[in-house]
Amino acid sequence: MAQSSKKAVDNEPQNWLDDHGDYLYNYAVSRVSSREAAEDLVQETLLAALKNYSSFDGKSNIRTWLTGILRHKIMDHYRQIYKSDKNKVDIESGNVDDFFDQGVNKGRWRPERAPKAWSEWPDKSINQKEFMKILGECLNDLPERIATVFRMSQLEDMDTKIICKDLKISATNYWVIMHRARSGLRRCLEMLWLDKS
Amino acid sequence: MKIKMKFIKTFTDLVTPPCEDITRLISKSQDTELTLKEKWQVRIHIIGCKLCHRYQEQLQKMNSLLKKTRKISNKEDLEKKEGLSPEAYKKIKSKIDKNIS
């Protein structure tokens, strides 16, 4: 078959879902907290692509173009989560989720919440896939706003300044949010991982 | 030896902020450069505090795992995973068909 005519058929909008739907879904689902959210993102992406098909210049591959639209949609999704009132948690409130004593030993680790030795967690045995799965579970355990900032920063590798500007948060608040995310994740990884071994 | 450790611990408590503040600084050091004062507070504190030292090491470990994960997920084969469920496929398909015609 002539390559050019095959391409033309591939690019037809009615084939997008069959050709790229699974790919886009897999891309999205690893970046959001639920399957439903990922499905909605795929749908929004394809509808937006239909609307803007005339702006597709044909220079890039259609999948790359669709993935670009999806990326924008994911960023919008993050912004929405962050702004949404129902996700508001008291980010500024001082103590990080009861890790520290508030009584006589104020500010010291509470023994039962303190970091455990990770000697049972040798580097080599860590299967990357397993880690990603556990990480996903642990991210879902965090308050959604906090998880979102962490995803943008650590998984999407976005610049701190851009995140702060995008979400309208101060640098100080950003550090507090990241600290809460790391503390929560560290604890969650420890419990889930050490549980398995 | 035990007495020496006890002394260092007390010293840590006296001259550096409590663990709650130190862990905040340890996390912050992954996002930005700490001031000289903050750096020394962390350094001195973790000499006498095993738990904060652990916290620091574990955050570093998490960081390096995340870095590896980023590299892999950029390259990961998204076609080999399961993809859309039949129900979701149907739902999206009907939406698109409506918009094409």
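In which hand does α2(A) pass α5(B)? The crossing of α2(A) past α5(B) is right-handed, a term used when the near helix is turned clockwise from the far one by less than a right angle, anticlockwise being left-handed. This is a predicted model in which local features need pLDDT of at least 70 and side-chain atom pairs count only at pLDDT 80 or more, while totals for chains, interfaces and linings use all residues. Residues are numbered from 1 along each chain as its sequence is written, and chains are lettered from A and ligands numbered from 1 in the order in which they are written.

**Fold of chain A**

- Chain A has eight helices and zero strands; helices (H or I, at least four residues) and strands (E, at least two) are DSSP runs, numbered from the N terminus.
- Among contacts in chain A with a separation of 6 or more, 66% join residues 24 or more positions apart; a contact requires C-beta atoms, placed from the backbone, within 7 Å.

**Interface between chains A and B**

- In total, 42 residues of chain A are in contact with 35 residues of chain B.
- On the chain A side, two or more residues come from each of α2 (13-29), α3 (35-51), α5 (128-141), α6 (144-155) and α8 (171-196).
- The largest share of that side, nine residues, belongs to α2(A).
- The side of chain A that touches chain B comprises 23 nonpolar, 12 polar and seven charged residues, where Ala, Val, Leu, Ile, Met, Phe, Trp, Tyr, Cys and Pro count as nonpolar, Asp, Glu, Lys and Arg as charged, and the others, Gly among them, as polar.

**The α2(A)–α5(B) pair**

- The axes of α2(A) and α5(B) (residues 86-100) come within 9 Å and cross at roughly 160°; axes are lines fitted to C-alpha atoms, for helices over the stretch in contact, with angles from 0 to 180 degrees between N-to-C directions.
- The two helices α2(A) and α5(B) are therefore roughly antiparallel, the class for angles over 145 degrees.
- P13(A), Q14(A), L17(A) and G21(A) of α2(A) meet Y89(B), I92(B), K93(B), I96(B) and I100(B) of α5(B).
- This contact of α2(A) with α5(B) has six nonpolar, two polar and one charged residues.

**Nonpolar cores**

- The largest nonpolar core has 44 residues, of which L24(A), A28(A), V42(A), V149(A) and A181(A) touch the most other members; such a core is a set of buried Ala, Val, Leu, Ile, Met, Phe, Trp, Tyr and Cys residues joined through C-beta atoms within 7 Å.
- At least two residues of this core are supplied by each of α2, α3, α4 (62-83), α5, α6 and α8 of chain A and by α5 of chain B.
- Beyond its neighbours within four places in sequence, L24(A) is in contact with V42(A), T45(A), L66(A), T67(A) and L70(A).
- A second, separate core of 13 residues includes F99(A), L25(B), I26(B) and C52(B).

**Loop residues of chain A**

- D157(A), in the loop between α6 and α7 (160-167), has a positive phi near 60° and is exposed, with 11 other C-beta atoms within 10 Å.
- K168(A), in the loop between α7 and α8, has a positive phi near 55° and counts as exposed, with 10 C-beta neighbours inside 10 Å.
- N11(A) lies in the loop between α1 (3-10) and α2 and is partly exposed, with 16 other C-beta atoms within 10 Å.

Key:
Two residues are in contact if their C-beta atoms, placed from the backbone, lie within 7 Å. Angles under 35 degrees count as roughly parallel, over 145 as roughly antiparallel, 65 to 115 as roughly perpendicular and the rest as oblique. A residue is buried if 20 or more other C-beta atoms lie within 10 Å of its own, exposed if 12 or fewer, and partly exposed in between; C-beta atoms are placed from the backbone.
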